[in-house]
Amino acid sequence: MEKENTFDPDLVHEIFKLVWKRKAAERGKNELSENIENEVGASSSKRFRPTFANANALKLSSELLRVFVAEAIQRAATIAEAEGSVKIEATHLERILPQLLLDF
């Protein structure tokens, strides 16, 4: 049995880190504004705590992403085929997206 291609776990990890950094910066900005309003000098330790991802969690996230994308393509292709089109367009993805997100 041949293993199907999946997303690179290192790529998924880099995406996660980018999101974590943005969330930390947003949280830091919110804490700064709260500290100014409340005149509290100490900042939360959450802001400086690093976030890690287990290797197995990254593999699982990569596989989940692969399944999600494959399902989206299959559903959009079904809609495109029903309309007589041989090409998946953005409108096909827009039509399947609400139910796809509910299913996942």
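Which residue forms a salt bridge with glutamate 83? The partner is arginine 95, with the closest N and O atoms 2.1 Å apart. A salt bridge here is a side-chain nitrogen of Lys or Arg within 4 Å of a carboxyl oxygen of Asp or Glu. By that rule the count is five salt bridges.

Keep in mind that this is a predicted model, where local features need pLDDT of at least 70, side-chain atom pairs count only at pLDDT 80 or more, and totals for chains, interfaces and linings use all residues. Residues are numbered from 1 along each chain as its sequence is written, and side-chain values use heavy atoms, with hydrogens and water left out.

| Salt bridge | N to O distance |
|---|---|
| glutamate 14 and lysine 17 | 3.1 Å |
| arginine 75 and aspartate 103 | 2.7 Å |
| glutamate 83 and arginine 95 | 2.1 Å |

Glutamate 14 and lysine 17 sit three residues apart in helix H1, so about one helical turn separates them. Helices are DSSP runs (H or I, at least four residues), numbered from the N terminus.

Arginine 75 in helix H2 and aspartate 103 in helix H3 are 28 residues apart, so to speak linking distant parts of the chain. Glu71 joins these two in a network of salt bridges. Arginine 75 is partly exposed at 21% relative accessible area, and aspartate 103 is partly exposed at 44%. Arginine 95, at 51%, counts as exposed. (Buried means under 20% relative accessible area, exposed over 50%, partly exposed in between, with a 1.4 Å probe and protein chains only.)

H2 (residues 55-82) and H3 (residues 90-103) pack at an angle of about 135°, with their axes 9 Å apart. Axes are lines fitted to C-alpha atoms over the stretch in contact, and angles run from 0 to 180 degrees between N-to-C directions.

Definitions and conventions:
Helices (H or I, at least four residues) and strands (E, at least two) are DSSP runs, numbered from the N terminus.
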